[in-house]
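Here's a short tour of a model, one region at a time. Have the viewer open and follow along.

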Amino acid sequence: MTAAAAARQILTRLTEVMASRMHAQAKLDQVVEIIGECLSSEVCSIYLLREGMLELFATRGLNQSAVHVTRMAIGEGLTGAIAQKVETLNLAEAKAHPDFQYRPETGEEKFHSFAGVPIVYRARAVGVLCVQHVEPRRYEEVEIEALQTTAMVLSELIANAELVDEEEARGLTQEQTGPQTLTGLTLVKGLGAGHAVYHQPRVEITQVMAEDTEAERQRVYRAFDKMREQIDTLASQAEFGAGGEHEEVLETYKMFAYDEGWSRRINEAIDSGLTAEAAIERVQQHTRMRMREIDDPLLADRMHDLEDLANRLVRIVAGQVGTAASQGLRRDTILIARNLGPAELLEYDKRRLKGVILEEGSLTAHVVIVARAMNVPVIGRAKGVRTTIREGDEILLDATAGNAIVRPLPQVADAFQARFAKSREKQAAYASLRDVEPFTRCGTRIQVMMNAGLRDDMSALAMTGADGVGLFRTEFQFLVSATLPQRERQLRLYRDVLDAAGDKPVIFRTVDIGGDKSVPYLASEIAAQDENPAMGWRALRLALEREGLMKIQARALLEAAGGRSLYVMFPMVSEPWEFDAAKAVFDEQLNYLRAQKKLLPERILFGAMLEVPALAEVLDLLLPKLSFLSIGTNDLTQFLFAADRANPKLAERYDWLSTSILRFLRRVMQNAVGSGVDIGVCGEMGGRRLEALALMGIGYRRLSITPAAVGPIKELVRKVDLAELTAAMTGWLADPALNLREELSAWADARDIEYD
Ligand code: PEP
Ligand code: MG
């Protein structure tokens, strides 16, 4: 008999039992007989969870007097271990296993081999099905598969007969895992509390046995087709575009999606009588078991990919293709995902989305930039997410500290809420500074502007009272769309942004795409060129060569600003001629629009970003051409220190408060004095309080920062005496032996100035 035929036979017999009018206990008694017979096993037993213990509910081969008497705690003995770890065991010699525990009342001493599988209900183990044999032999793959299939059927019976009630299943989880703390990398600071929602929800399998095998085969066949199509599209768009790592994942997805072995195994499972959903899950359970036995970290990563894909396949089969966003969020939510695209994040209801936990992610991932703009706390690179967090679990996310408490104890939740309330109080205090102009104690007005990139961000301008938008990252629109945004769409966005800003200035930075901010329509060109994306074909370098792209943007900006002031800034200028070339594109478009008799901007102010250190050496050539200069400290510092800004291993290594960075920035400022060019900083650095102090202390009077930092920085400005601060900074920078962070902290402490 073939494996499928044997499995089919078991399933047919199980179906008959399940369909009969027998009592649940009688059904279990029958099931152990059928399995024992079909697998030629002397023993077959079913343990189910009752009052937090695994109780022997039915057995063939062990002493009948042990039924409803033998009870094991979760984690106790082989049975307990299977339930605890929700994993399959297949042992030739049970006694040799460290978890083995002998129970005299069962009379099991004569049996050597042992195999057991968890009975899973709602992603939790609610029982164990096991077989034992006198001869010491490992069970064959097909036999294990038959057990796994039976366990799935049993879970359906258990649900229908209410043999394990839901409270019980939940009780198990509490006991099994209780409160847990996950750690990860801080991507967007902040606190958030809510219930876990998986971006891609798991499908509950409600029907295990098929009524029409051919129909199931067709369903899975179509699902495979659809999934392959999706993966191919994903690979060609690479909308999440986070470079190398992401591409590798897609390659793996592709490999699995087209893997003949995988689809064959699913088909065999269907042949044995399972529904398509159950077949996919059964094959997945089996693969999980084999992968655990191999215990190779690289393979474990690949397993992750396969899990993702299997989930996708089940969702397609079940017709539940939407993400959690399409179902809407019903309560305060912490969103869980492996990774997300920026557009996917934007689909969620902002009012309910309180935080995000990613299994991947890095500081410069687009989704993170968008989350920062949305003010949603995020941690990334969180390990053990899927095994720890279940849909609906309560989560306290402290993204500032880089951790999340899952299923917190009440007193922990209370303490968190108290902290939360404090931080909200602070936010409210900052909000009250909205209409207060940031003058220092000595009466100098500091420009506190905000960074933005999406239409939605503009509401923060009024909320924070920022002096304008010091950096509008126009590439965000490019990043969140699957195709190159047409001129009309760009025009509409720029016009809306200017309308929203009213009298306040908005500095539009021309597209800074390429490198790590790859977009689908340019991905192949960029990937082909760049070994080292941050220093590659990006920003102005790309835009000047893709002149069409630059022209369209120039025209859209010029038209949008008809009748008002237009501020344009070019990113990554490395030599003055690049500025000239970029400006020439605008001049040409301006002439065109003039000839067309279009309404032109009242005035146009051109500026450059200083992000490439070389530019600092030729400022005397560049400054006469500029109205303003903005220092992009994110890129500048990565180039000064030759330290990739996206590499988490280097994230803590070099300090923005290092003597070299601050001396560099001071020199730039000194070289610009008297040029009439307005100089500011628009990197993340300016949004941190000690760093902002340092910048003010070396002469900077304009900062453009993330909206959430506007309040805190305004408050800081009001406590500063610039003469005193400048004197202190001058002293510290003259003596590089000092630790500037410590000196500055002590200085701030002494003046009752709060810092992060
Ligand atoms: C910078 O590099 O500091 C900057 C503001 O630009 P971005 O972060 O968009 O590269
Ligand atoms: Mg930059």
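## Helix α18

Start with the buried residues of α18: Gln 490, Leu 491, Leu 493, Tyr 494, Val 497, Leu 498 and Ala 501. Buried here means under 20% relative accessible area, with exposed being over 50% and partly exposed in between, using a 1.4 Å probe and protein chains only. These residues sit on the same side of α18, because they cover an arc of only 165 degrees around the axis. That arc is taken from the directions from the helix axis to the C-beta atoms.

The helix covers residues 487-501, so 15 residues, and runs 21 Å from its first C-alpha to its last, close to the 21 Å expected at 1.5 Å a residue. The expected span is 1.5 Å times one less than the number of residues. Helices (H or I, at least four residues) and strands (E, at least two) are DSSP runs, numbered from the N terminus.

## About the model

This is a predicted model, where local features need pLDDT of at least 70, side-chain atom pairs count only at pLDDT 80 or more, and totals for chains, interfaces and linings use all residues. Residues are numbered from 1 along each chain as its sequence is written, chains are lettered from A and ligands numbered from 1 in the order in which they are written, and side-chain values use heavy atoms, with hydrogens and water left out.

## Around ligand 1

Which residues come nearest to ligand 1? Of the 14 around it, they are Arg 473, Arg 509, Glu 611, Asn 634 and Arg 645. A residue is near if one of its heavy atoms lies within 4 Å. By class, the shell has three nonpolar, four polar and seven charged residues. Nonpolar covers Ala, Val, Leu, Ile, Met, Phe, Trp, Tyr, Cys and Pro, charged covers Asp, Glu, Lys and Arg, and the others, Gly among them, count as polar.

Now the polar contacts, meaning pairs of N or O atoms within 3.5 Å; within protein, one must be able to donate a hydrogen and the other to accept it, and residues adjacent in sequence count only if both atoms are side-chain atoms. Arg 473 has a polar side-chain atom 2.8 Å from an oxygen atom of ligand 1, and a side-chain N or O atom of Arg 509 is also 2.8 Å from a ligand oxygen. Asn 634 uses a backbone N or O atom instead, at 2.7 Å from an oxygen atom of ligand 1. The protein covers 99% of the 290 Å² of accessible area that ligand 1 has on its own, with areas from the Shrake-Rupley method with a 1.4 Å probe, and only the protein chains shown counting as cover for residues. Two or more shell residues come from each of β16 (469-473) and α24 (633-640), and α24 gives the largest share, three residues.

## Helix α28

In α28, Leu 722, Leu 725, Ala 728, Met 729, Trp 732 and Leu 733 are buried. They lie on the same side of α28, because their arc around the axis is only 130 degrees. Turned away from that buried side is a face with the exposed residues Ala 723, Ala 727 and Ala 734.

## Two threonines

Thr 275 is in the loop between α8 (260-271) and α9 (276-294), and is buried at 2% relative accessible area. A polar atom of its side chain lies 2.8 Å from the backbone oxygen of Gln 207.

Thr 287 belongs to helix α9 and is buried too, at 7%. The side chain of Thr 287 reaches the backbone oxygen of Val 283 at 2.7 Å.
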